[in-house]
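I opened the notebook to write down what I looked up in this structure. The entries follow the order in which I went through it.

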Amino acid sequence: MIKFFLNGKEVSTEVAGDMPLLWLLRDSFKLTGTKFGCGIGQCGACTVHIDGEAMRSCLMPVSTLAGRAVTTIEGLGTEEHLHPVQQAWVEQEVSQCGYCQSGQIMAASALLANKPNPGEQEIDQAMSAIICKCGSYPRIRKAIELAVKAQS
């Protein structure tokens, strides 16, 4: 049995240790906000926070989670109180097809948690690892800059 914290609550699972976290989230915990993209850690659609760091859930075996804190898009904010990045996403109308959005938001929120006032190059570098087929990158940067202002 593996115990860890999921969106602030202690949970346990008895799935095979080599199961990717992405499938545990989607199939066992029914948290479908985290998306399957490429399955090889290249696109970033499956990005979640593990101990506050943005990580690819498609590559993370469940066996590595004991005692760790996992946050998904469902645990970032609430409907009543969105995370500043989520609020900025809405205000900037970032979403196009929406498929990469949870990964984008998780990467952006991890960036701001670790670097509250990033410059343009830092934003571009952090977000370049998440592929958006719709090309929403200018809106993504504007949303992150708006979230920075909201947090100040």
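Entry 1, helix α4. I checked its length: the 14 residues of α4 should span 20 Å at 1.5 Å a residue, and the end C-alpha atoms are 20 Å apart, which agrees. The expected span of a helix is 1.5 Å times one less than its number of residues. Helices (H or I, at least four residues) and strands (E, at least two) are DSSP runs, numbered from the N terminus. I note that this is a predicted model, in which local features need pLDDT of at least 70, side-chain atom pairs count only at pLDDT 80 or more, and totals for chains, interfaces and linings use all residues. Residues are numbered from 1 along each chain as its sequence is written, and side-chain values use heavy atoms, with hydrogens and water left out.

How many residues of α4 are buried? I found 12 of its 14 residues buried, so α4 is mostly covered. Buried means under 20% relative accessible area, exposed over 50%, and partly exposed in between (1.4 Å probe, protein chains only). Among the buried residues of α4 are Gly103, Ala107, Ala108 and Leu111.

I placed Gln104 in helix α4. Gln104 is buried, with a relative accessible area of 0%. Which residues is Gln104 in contact with, leaving aside neighbours within four places in sequence? They are Trp89, Met127, Ile130, Ile131, Cys132, Tyr137 and Ile140. Contact means heavy atoms within 4.5 Å.

Not counting residues up to four places away in sequence, Ile105 touches Ile73, Leu76, Val85, Gln86 and Trp89. I looked up one of these pairs: Ile105 and Gln86 are 19 residues apart in sequence, and their C-alpha atoms are 6.8 Å apart in space.

Helix α6 (residues 137-151) has 15 residues and reaches 21 Å from its first C-alpha to its last, close to the 21 Å expected at 1.5 Å a residue. Ile140, Ala143, Ile144, Ala147 and Val148 are buried in α6. They cover an arc of only 145° around the axis, which puts them on the same side of α6. The arc is that of the directions from the helix axis to the C-beta atoms. An α-helix has 3.6 residues a turn, so residues three or four places apart point the same way. On the other side of α6, I found Pro138, Lys142 and Lys149 exposed. What covers the buried residues of α6 includes α3 (84-91), α4 (101-114) and α5 (120-127).

I looked at phi in residues other than glycine, and Lys30 has a positive value near 55°. Lys30 lies in the loop between α1 and β3 (47-50) and counts as exposed, at 60% relative accessibility. Glu93, another residue other than glycine, has a positive phi near 50°. Glu93 is found in the loop between α3 and α4, and at 58% relative accessibility Glu93 counts as exposed.

I placed Trp23 in helix α1 (residues 21-28). Is Trp23 buried or partly exposed? Trp23 is partly exposed, with a relative accessible area of 30%.
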